[in-house]
Amino acid sequence: MPPMRPQRGKTPRKRNGTNGTTQDPVEVYCRIRPLDNPDDPVCIKAISSSIVQLISNENSTAFARTGQLKEYQYKFQTVFDEYTSQKAIFDYVALPLMEDLIHGKNGLLFTYGITSSGKTYTMTGTPQDQGMLPRCLDVLFNSIGHYQSKKYVFKPDKMNGYEVQSEADAMMERQKKDIIPGIIPGTPGNPRKEKTDFQVDSGRIIDPSKITDIDEDNTFAVFVSYIEIYNNYVYDLLEELPFDPITGYKPPQSKILRTDAGDSMYVMSCTEVEIKSPEEAFEVLYRGQKRRKVAHTSLNAESSRSHSIFNIRLVQGPLDIRGEEVLQDSDRLCVSQLSLVDLAGSERTNRTKNQGDRLKEAGNINQTLMVLRTCLEVLRENQKNGTNKMVPYRDSKLTHLFKNYFEGDGRVRMIVCVNPRAEEYDETVHVMKFAEITQEVLITRSQQVKFDIGLTPGRRRMNEQFTETVAKAREADIEPSLLPSITYSLGAGFPNFELLGPDDNMTLARLEDYLQDRYERRQTLQIDLESRIDQFRNRLVEFERDYTRLMARNDELENILNRRDSNVTKVESKCRNLESRVSTLQQQLNETEKGKRELELKLQDKTLRLKQERSEKDRMEKDFRTRIETNNNHWERILDEERQKIEKEYGIQLKKQAITMNKLRDVLEENTFKTPVSTSVKTRTYTTPGMIQTARSESDVSSIGSIPTPTPRNRTNSAIPTARPVQGLNRQGATVTPVTTPRSTPIYNFRHRRSRSNNEVWLDHKPSGSVALDTVLQPSLPRKKSVTKLDEKDTKVATKYMLTHQEHGSDGEFQTKYFKGSVIPTSGGGAQVVFDDVEVHKQTSPGTRKRRSSCPQPTDFDGEWTDTETRCAVAIEGHSKKRSRPSPERVSRV
Ligand SMILES: Nc1ncnc2c1ncn2[C@@H]1O[C@H](COP(=O)(O)OP(=O)(O)OP(=O)(O)O)[C@@H](O)[C@H]1O
């Protein structure tokens, strides 16, 4: 690499023409902070040294949207789990940036994450467990140690650069600023020193790391500045605020960003404090922190409400040729800068419940982070697609200030801080996505800075050695020039040999002596040097031999170590796999148990409902039975009443008939006329089987309005005995039991018998209270007159008579009986009804109905019913033509 001139002291500068230069992605690290309560569920865990696993939960938005639990894995440069110490993180992340700083390169380290994820803790830490920032300061001062320049030798030029002052000027300024104001404590030039958290007596543990690879021919000065970006305004946290005895300190004014001559961004008139020790730096840090906007929120007791930027600037100036003083040339200065940025945490206002100022702050914080994200996205897109979209750096102060870093003027590292609490899942997903984008942004690698300005290297050492030797010689009262082998100096400067004239032999002799002396000394030094070179070469050979041996040994050990490391890695990855499997299984077990519990609950619920249904059914059944019983009773009572009424009427009629008969008998007796009763009875006997009612006499028929209720029959069709005399045949029509009651023999006038043609007129007698049936099967009465009460005149027009009677059957079903008969006029001018058919309609509930088998059982019928012909006839409403004899009781089942 060609030697480079150190750059002039500026903040990172945009480099043009990055073609051909190496680019590195932004290095992103992930740190998972420990839980406040170790038993809390987590949403993220490290599954290897570079991979984290993010797992959603039932409360997450993703689960609410998809109903599924999701798992994502994200890869980082390195993942630091909750057990990683601050020191380890510093060594890994910040120490290389410190090396860069000392080697003249710029760096940007920022912490990013949601509120309370440990950003401030990682950046600052506590005195007992310091974060990146105090450790950086420790390491810096450990490294530059006594190579520091005297105070005020380097001086900020207020335009983002530095000037060099002579030792004398610097001393004057020291006296003016530090020594004189120090006599009067508390004056503005020397603010009263305040004890800081990080002071040694507070138990602070100094980080012992040191960077040894340092250019000793340079002299160093450290400057720090501390700014914050609050609500998109830049404030200088180290600014001395003007004090008014009445109103107190004036509020700070926001600063503006400017571009310097080299196109680099800087905060104009920002205070830069030169510090000579870490303690001085902590004092400054503490002073700034007191001014920083921090507030209590529901998620963090001390939540940063602003983005804070702590800049460490290292100014390096080369020593002069003697290695004594810094070269008085500002162009030879090299300034490098490390910016340590503690971003404010992104937060969702619905979670923090912030109001007023806090809400406004949160809005600004989120806005700035959003701009940062957009800038990185555009940068990535430009780099990937070769486009040249404008990156909106100017949309926020933060991105505007760090524009140069993203355009390739220093190394950029980010620590993504994560709070593993399960509740933080939704926000952590966004953080992870941001980290993913950031890792894809490429930054041009800074080139190595060489501090070669053409002067002999090792000047400082030589000068120190010389000064030391001279001091020793003076102590021993020896002329330093007499110690050539030690001092390696040709002596004091060339004396003033001014020739007074061409004959000034004395001066010439002195000059000759001087030159001789100088030549001899040179010879001596030469010989000494050669012998030293020989010695050195021998030692070098020895070292080389040792080195080769040690290298071989080192290789061996490294191999062993690598093997061990790989074993450890394997075991670790196995452990992690097992752990993740255990947790997956545990999760499955939990889910299964949950499902089981739910099913058990459902079962209990169903059993309960079943019980309720059963009890409801029982109750309904009981209710239904009670209603049937009540209905039965009701109908029985009505029928009873009806029967009694008819009987009563019938009794009256009988009495009347008896009187008439008596009168008639008297008349007959008087005329000595004898009626052949038995013969007439015989001739008037019906031959129709199934006839269940006989007319008694003409007077009986004339009072047909009180037709008696048909006599119920038992299964064998034998009439159940009633009080009234009945004459009829059994179903077979074999047995005729004529009633031999001479006085009540009905007179049947065959001349009045009407034909059974289609001109039949039915008298449909439905006593009031009959229930209308909506069944399919209904008696077929083509022409009919419906009456609820029988009137004598109705019998004059009707040829057929049908009485409807409804009751509950033996099985509890509702049945309707239709008693059918022919209305036959009597010789006396009245009418009689001869019942020749009974139709029974039974109505059964489908639930309780017994299903008939397709093949009828013999027990369902008796007698003639079992033959096919009869069975067919049964199914037909009306009368079969083939049936010559009407059955006494036809049963139509509905
Ligand atoms: N690695 C850790 N070890 C122990 N405690 C931690 C760790 N990280 C964070 N904490 C603790 O968590 C709390 C919140 O941390 P911190 O203030 O650093 O969060 P933050 O991300 O800076 O939040 P904000 O963005 O609101 O400022 C603090 O009390 C801190 O001590």
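**Close-up 1. C136 and V416 in the largest nonpolar core.** In this predicted model, the largest nonpolar core has 106 residues, and C136 and V416 are the ones that touch the most other members. Strand β10, which runs over residues 218–230, gives the most to this core, with 9 residues. Have a look around C136 too: setting aside neighbours within four places in sequence, C136 is in contact with A94, M98, I312, L338 and L340.

Close-up 2. As a general point, nonpolar side chains tend to be buried together in soluble globular proteins.

**Close-up 3. Helices α4 and α6 crossing.** Helix α4 covers residues 132–144 and helix α6 covers residues 278–291; their axes come within 9 Å and cross at roughly 150°. Angles over 145 degrees count as roughly antiparallel, so that is what α4 is to α6. The crossing of α4 past α6 is right-handed. On the α4 side, the contact is made by P134, L137, D138 and F141, while α6 brings P278, A281 and F282. Sort the residues of this contact by type and you get 6 nonpolar, no polar and 1 charged.

**Close-up 4. G408 in its loop.** G408 sits in the loop between α10 (403–406) and β21 (411–418). Is G408 buried or exposed? G408 is buried, because 21 other C-beta atoms lie within 10 Å, and 20 or more is the cut-off for that label. Now find L442: it is 34 residues from G408 along the chain, and the C-alpha atoms of G408 and L442 are separated by 8.5 Å.

Methods
Residues numbered from 1 in each chain as written. Predicted model: local features only at pLDDT ≥ 70, side-chain atom pairs only at ≥ 80, totals over all residues. Core = buried A, V, L, I, M, F, W, Y, C linked by C-beta atoms within 7 Å. Buried ≥ 20, exposed ≤ 12 C-beta atoms within 10 Å, placed from the backbone. Helix = DSSP H or I, 4+ residues; strand = E, 2+ residues; numbered from the N terminus. Contact = placed C-beta atoms within 7 Å. Axes fitted to C-alpha atoms, helices over the stretch in contact; angles between N-to-C directions. Parallel < 35°, antiparallel > 145°, perpendicular 65-115°, else oblique. Left-handed = near helix turned anticlockwise from the far one by under 90°. Nonpolar A, V, L, I, M, F, W, Y, C, P; charged D, E, K, R; others polar.
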